[in-house]
Structures are given as structure tokens and as C-alpha cells.
Amino acid sequence: MSRLKQAVINNKLFTMVLAAYVLISIFIPDKAVQSFQNSLFYVKEMIMIMPVILLLTSLIKAWVPQKTIMNNFGKGSGVKGSILSFLLGSLSAGPIYAAFPLCKTLLAKGASISNIVIILCTWAVVKVPMLLNEAKFLSPKFMFIRWILTSISIFIMGYIMSKLVRKEDIPVNVVNTGYSINNVLINRKYCVGCGLCVKIAPQYFEMNNKKAKLINRDVKKDEINNLNKAIEKCPSKAIKRSSGDG
Ligand code: SF4
């Protein structure tokens, strides 16, 4: 009995869906057949699409260096990162749920929250195949104006989300040595420009306009001590890292 209870607790969503099916079958049997057919359609679609997406995410995990993701989709990627994210989402194919594992992998490898929001939103509402269909059915003018307004909203949404959600809020295992440079921050207001961090860990810090600046690169296991030392020795405590970081 306790095993069954544990199985129910571990699979809450599945249990709820099963219970819903049972209730529909009892009270509105004709709708039960229809909903079962709809579910079957989506299951078939997922079986066809998900292996490709999982293969793609595995390839990104294994072959694309973290530095490449951070440079192109990370916090410091700026306008380039936003445009690349917009293109990636727009040129994608497949339903939106296929984007989630891909985005999780990108996030784990250093992509920023705002760029992930841009990828997800463009994937969902301004994909190229979708735009072509929209133009066919609702006129090119309708499609174009909606595309412009939606695109502006997507960039604004990405910015707002990056202010409201932090990476630590998302259950993602950072893919690296267990320590991400993405989670190190320099408060330029407090930085007195002494250059100590650059001396201690020149791989990760440089001076810019008399203030320290982070160098966006992978943190190597054998260099973590230097990075920690720089954080610890900063006289104005301008360098911070999130507590979850190893
Ligand atoms: S050690 Fe601290 S105060 Fe000195 S340059 Fe680096 S961040 Fe600025």
C-alpha cells in the first residue's frame, strides 16, 4: 500500500491525468473517446520530435564549448546575443515543448535568462513557417504588423524577465567545473580600481576605465583557487558570487 502511495506521490501529474480520464469516461464517455484520440495524436507527435531534440541537446552538451554559448547567448553577448536568439527561435521547427530541453541545455551552458525568453517566445509565435501561413490566410500586411509588434514585445519581455527571474531560481545544473563565471558579479560602484583582482586572477579579471571587469570564459578546476582568492582579497568587497556556486 505504501508503495502505491509513493508511486502516486512520485507521479502526481500522471495520476491526476489518469483520474481525469476515469472521471470523463464515467460521466461523459463520448468526450473520453475524443480526448483519448487527441492525447494519442500528441503522444505520436512527441515520439517523432523528441528523439531529434534530445539528440540535438546531447550534441550541444558534448560538442559546443561553454565559451561559445556564453559569448553568443550569455549575459555579456548584448545585441548580438539577442539577435542570435531571435534567429534561433524564428528558424526553428516543431512545437514549443521541443524548445524546453534545448533552452535548459543552453541555460546550463551559460545563456542568459533574457536570451532564453527570446528563443522561447520567437519559437512560439514568430517562427518562419508560421509567418508564411499567417500571411497566406490573414494577408501579408496583417502578418507583418503583428510580427513587428510581437518582436518588440518579445525583447521587452526578455528584459523584464531577466530582472524578475535569476538563474538560481531555475533548477539547472551548470555544465562546467561546478563554478560558473556567470555567477560572479563585480559591483562597479564599490570597485576602487586597485587592480588586485587582475594581479591575482588575470584569467578572469581585466581593467576597464579604471574599474575591474570580468572576462567571460570557462572556469577551470585548477584556477578556482585564484578566482576565490581574488574575491576574498578585494579590499572593497566589490566582487560577489552566488552562494550556490562551488
Ligand atoms: S580587487 Fe576589487 S576594488 Fe580592486 S580592482 Fe578588483 S574589484 Fe576593484
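How close do the axes of helix H3 and H6 come, and at roughly what angle do they cross? They come within 9 Å and cross at roughly 5°. Two packed helices are described by the angle between their axes and the distance between the axes. Here the axes are lines fitted to C-alpha atoms, for helices over the stretch in contact, with angles running from 0 to 180 degrees between N-to-C directions. Angles under 35 degrees count as roughly parallel, over 145 as roughly antiparallel, 65 to 115 as roughly perpendicular and the rest as oblique. H3 is therefore roughly parallel to H6.

This is a predicted model: local features need pLDDT of at least 70, side-chain atom pairs count only at pLDDT 80 or more, and totals for chains, interfaces and linings use all residues. Residues are numbered from 1 along each chain as its sequence is written. Helices (H or I, at least four residues) and strands (E, at least two) are DSSP runs, numbered from the N terminus.

H3 spans residues 29–63. To the contact it brings Ile 53, Leu 54, Leu 56, Thr 57, Ile 60 and Lys 61, while H6 brings Pro 101, Leu 102 and Thr 105. Contact means C-beta atoms, placed from the backbone, within 7 Å. Ala, Val, Leu, Ile, Met, Phe, Trp, Tyr, Cys and Pro count as nonpolar, Asp, Glu, Lys and Arg as charged, and the others, Gly among them, as polar.

Next, the cores. A nonpolar core is a set of buried Ala, Val, Leu, Ile, Met, Phe, Trp, Tyr and Cys residues joined through C-beta atoms within 7 Å. Buried means 20 or more other C-beta atoms within 10 Å, exposed 12 or fewer, partly exposed in between. The largest core has 22 residues. Helices H4 (66–73), H5 (78–90), H6 (99–108) and H7 (113–125) each give two or more. H7 supplies the largest share, 8 residues. Cys 103 is among the residues with the most contacts inside this core. Beyond its neighbours within four places in sequence, Cys 103 touches Ile 116, Ile 119 and Leu 120. Another core, of 13 residues, lies apart, with Ala 201 and Val 219 among them.

Now the ligand. It is surrounded by 14 residues, the closest being Cys 191, Cys 194, Cys 197, Ala 212 and Cys 234. The shell holds 11 nonpolar, 3 polar and no charged residues.

Last, a backbone detail. Ser 139 has a positive phi of about 90° although it is not a glycine. Ser 139 sits in the loop between H8 (128–138) and H9 (140–164).

Technical notes. Contact = placed C-beta atoms within 7 Å. Near = placed C-beta within 6 Å.
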